Amino acid sequence: MVYAVVRAGGRQEKVEVGTIVQLDRVQAAAGETIELPAVLFVDGDNVTTDAEKLAKVKVTAEVVGNLRGPKIVIQKFKNKTGYKKRQGHRQDLTRVKITGIK
């Protein structure tokens with residue numbers, strides 16, 4: 001089993017070839033190819049964490065499309081003062097499909 005852990009948008013994602021992952025918005029159009037930096041690489045029983053060896057690992061992904069995440073409601077309230085504040089947020093995301101780990 002070959003997989004890698006890549007750094008994407010402040011988080012780390014475990015990916016294999018064919019996996020579809022949602023990342024923070026990437027400035028690339030649908031159909032373009034991007035490269036993600038590997039943090040860990042596993043090839044069968046061999047686990048690679050050395051920075052020099054990881055620099056040679058290429059994780060490529062194809063951009064499937066852009067989307068927005070679910071709405072998150074932020075509410076602030078202070079008792080007995082009449083203070084209420086409500087705010088919403090939707091994160092901009094990009095869906096990518098992993099095409100290769102070399």
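Is β1 mostly covered or mostly exposed, and how many of its seven residues are buried? β1 is mostly covered, with five of the seven buried, where buried means under 20% relative accessible area, exposed over 50% and partly exposed in between, using a 1.4 Å probe and protein chains only. Keep in mind that this is a predicted model, in which local features need pLDDT of at least 70, side-chain atom pairs count only at pLDDT 80 or more, and totals for chains, interfaces and linings use all residues. Residues are numbered from 1 along each chain as its sequence is written, and side-chain values use heavy atoms, leaving out hydrogens and water.

Let's look at what surrounds β1. The open sheet has four strands in the order β2-β1-β5-β6, paired antiparallel; strands here are DSSP runs of E with at least two residues, helices are runs of H or I with at least four, and both are numbered from the N terminus. Two strands pair if DSSP finds at least two bridges between them. β2 (11-15) and β6 (46-48) each have a single partner strand, so one side of each lacks a neighbour in the sheet.

Five bridges link β1 (residues 2-8) to β2, including those from Arg7 to Gln12 and from Ala8 to Arg11. Two residues lie between the strands of this hairpin, and Gly9 has a positive phi near 65°. Towards β5 (residues 38-43), β1 again forms five antiparallel bridges, with Val6 opposite Ala38.

Leu54 counts as buried at 8% relative accessibility. Beyond its neighbours within four places in sequence, its contacts (heavy atoms within 4.5 Å) include Ala38, Phe41 and Thr48.
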